Amino acid sequence: MDLVQITGEKCGMGNSIWAVASGKGGVGKSFISASLAITVAKLGHPVVIVDLDITGANSHTCLGMNPSPLNLRHYFDGSKTLQEIIVPSSIPKLSLIQGLWDSWNLFELTADRVEKLVKDLRELTASYVIIDLGAGGTHGNIEVFKHVDEKILVTTPEPTSLEKNYRFIEGYICSKIQPTTTPDKYMDWIHALREKRHSTNSSAYSIRNYITDKMPESLPTFEAMNNSPIHVVVNSVRSHEQSSLGYSIRSVCNKYFELEVNFLGSINYDNAVWQSIRLHEPVLIAQPFTPLAGQFLSLCKHLIDPEELRAVV
Amino acid sequence: MSADGKFNYYAILEVDQHAPQHEVTTAFERAKKTYSGDNPAIYTIFSQDEAREYLKIIEEAYSVLGNKTLRSMYDKKLFGKSSVEDLSYASLLKASQANMPQTKKVEKIVPVVDEAMEKEIREKTDWSGPDLKKVREYRGLSIERLSQITKINSYYIRAIEDMNAKGLPAYVFVRGYVLQIVRELGLDQKNVTDSFIKNYKTIMKPE
């Protein structure tokens, strides 16, 4: 429990919170958040994984741990503080906040709960906090996404996954814009978007133009979204062509949503992943020098210190 | 895409204004891959028609930014804050042509068809240098231009037209030259060349 406190470099408020989300389940969110955390820990930074998949926690499985008796349920019902439910892992500098695992009644991730959680997470002494979200663009997931520093969106090259992730991005944009305008104007906008979805004419629709014309009060918020762009990770890549899909996603988001999206990198499909999960040992620990580990290292370096990756002239 | 961005080719290709040429090419290839074929990334976002429209703009953008001359002119206009109409590909191309020396265009030959002359050419069986000169002038070709096309030194072309054996290399080469000139003038290659060589040999004899 004290591991994070002992190894912590920075003290409170200085940490960076990352959230790993996806519009679709089964694309590897938990695997990616666990692997990112292991890589960050290997780079020497104290890191905490928060399992915020309210439909069923499984980050501990990806880390090869047993579920902890202390979990977020104790935090949300007020019986424990966040510090008290952190459990250390077998990996140095890496600890876990166990998700809701023994809660048999429905749990809702409300805006208040998210705000409180994020505030308390910022108080932690770990340098990095990685939140593993559940699948889908639910209200709670998007609320978390709005509060974190680095927004990581995981997709696979399948059209089903891409489609659901675009819906996630749309939900995120709408949720950001909604509080900045009046309900009437917001509903008009939603109607306009819906009409566009069902129309067949080929004239390109511009979200930015619409906002500039009809809801100028929301434009600063819309522009500000580019300051903290969504990072796209393409998981389960099986060919070279699929690995460049991220650039296409970036371009489509840029042209359609007029939103900066960063293609963080792609992760190859690797049979070692499911094999190692079955053996309850993280693949980056069992096989630390594979191309897969290199890909995660590149993702982490992009997020932690992109300058380091630049070529020195 | 916003209207004022329609001619911002850098925004279309999503590259930095100072991006080196190879990055522009990479960006174009990626954009082309995205909006052509059935890339899953455009699924549920752009229809096939919309993608085709984008592809058109992307190709136009690359035809400017992919060309160093056009790109530098475009940059000047873009940062010089001129009107949006001035930034189209067509206007750039026009402007760039104004800057280029127009040697090739001027020499476009407009053939003047003179029936009497055509008839004379058809019926003529005895050919020598001056006759070739006459046909060449009728076709509107200068010696320099003929030399450019056939890659024969203009000095030799003049010598052939003047039937000046001293200014010419060995007879086999002359035959090759004449064959080329005759072909370029659009005459009957075998008959005209044979006739010319027959005349040429009579000049060579006294030497």
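In this predicted model, helix α9 (residues 143-150) of chain B packs against helix α10 (residues 154-161) of chain B. The angle between the two is about 115°. Their axes lie 9 Å apart. The crossing of α9(B) and α10(B) is right-handed.

Which residues of α9(B) and α10(B) meet? From α9(B) come I143(B), E144(B), L146(B) and S147(B). From α10(B) come S154(B), I157(B) and R158(B). The residues of this contact of α9(B) with α10(B) divide into 3 nonpolar, 2 polar and 2 charged.

K151(B) sits in the loop between α9 and α10 of chain B. Its phi is near 65°, a positive value in a residue other than glycine. Most residues other than glycine have a negative phi.

T44(B) lies in the loop between α2 (21-35) and α3 (48-65) of chain B. With 13 other C-beta atoms within 10 Å, T44(B) is partly exposed.

F79(B) belongs to helix α4 (residues 68-79) of chain B. It has 9 C-beta neighbours inside 10 Å, so F79(B) counts as exposed. F79(B) and Q48(B) are 31 residues apart in sequence. In space they are 34 Å apart, C-alpha to C-alpha.

T193(B) belongs to helix α12 (residues 189-204) of chain B. T193(B) is buried, because 22 other C-beta atoms lie within 10 Å, and 20 or more make a residue buried. Which residues does T193(B) contact, leaving aside its neighbours within four places in sequence? They are R175(B), V178(B), L179(B) and V182(B). S96(B) is 97 residues from T193(B) along the chain, and 44 Å separates their C-alpha atoms.

**Chain A as a whole**

Chain A has 16 helices and 8 strands. Its C-alpha atoms fill a box of roughly 55 × 45 × 45 Å along the principal axes. How does the radius of gyration of chain A fit that of a compact globule, and why? A compact globule of 313 residues would have a radius of gyration near 20 Å, and chain A has 20 Å, so the values agree.

Of the 313 residues of chain A, 42% count as buried. Take the contacts in chain A between residues at least 6 apart in sequence: 78% of them join residues at least 24 apart.

I17(A) is one residue to look at here. I17(A) is in strand β1 (residues 16-22) of chain A. It is buried, because 21 other C-beta atoms lie within 10 Å. L121(A) is 104 residues from I17(A) in sequence, yet the C-alpha atoms of the two are 8.0 Å apart. Not counting residues up to four places away in sequence, I17(A) touches V118(A), L121(A), V129(A), I131(A), V148(A) and D149(A).

The table gathers residues by their C-beta neighbours.

| Residue | C-beta atoms within 10 Å | Class |
|---|---|---|
| T193(B) | 22 within 10 Å | buried |
| I17(A) | 21 within 10 Å | buried |
| T44(B) | 13 within 10 Å | partly exposed |
| F79(B) | 9 inside 10 Å | exposed |

**Nonpolar cores**

In soluble globular proteins, nonpolar side chains tend to be buried together. In this model, the largest nonpolar core holds 96 residues. Which members touch the most other members? They are A19(A), V20(A), A37(A), I130(A), I131(A) and L13(B). Helix α2 (residues 29-42) of chain A gives the largest share of this core, 8 residues.

I131(A) shows the contacts of one such member. Leaving aside its neighbours within four places in sequence, I131(A) is in contact with I17(A), W18(A), A19(A), V20(A), V50(A), L52(A), V144(A) and V148(A).

A second, separate core has 14 residues. Among them are L132(B), L146(B), F196(B) and Y200(B). L146(B) is also one of the residues through which α9(B) meets α10(B).

**Where the chains touch**

How many residues does each chain bring to the contact? Chain A brings 21 residues and chain B brings 20 residues. On the side of chain A that touches chain B, α8 (159-177), α10 (207-214) and α13 (245-256) of chain A each supply at least two residues. The most comes from α13(A), with 9 residues. The residues on this side of chain A divide into 10 nonpolar, 8 polar and 3 charged.

How values were computed: Residues numbered from 1 in each chain as written. Chains lettered and ligands numbered in written order. Predicted model: local features only at pLDDT ≥ 70, side-chain atom pairs only at ≥ 80, totals over all residues. Contact = placed C-beta atoms within 7 Å. Helix = DSSP H or I, 4+ residues; strand = E, 2+ residues; numbered from the N terminus. Nonpolar A, V, L, I, M, F, W, Y, C, P; charged D, E, K, R; others polar. Core = buried A, V, L, I, M, F, W, Y, C linked by C-beta atoms within 7 Å. Buried ≥ 20, exposed ≤ 12 C-beta atoms within 10 Å, placed from the backbone. Rg over C-alpha atoms; globule rule 2.2 N^0.38 Å. Axes fitted to C-alpha atoms, helices over the stretch in contact; angles between N-to-C directions. Left-handed = near helix turned anticlockwise from the far one by under 90°.
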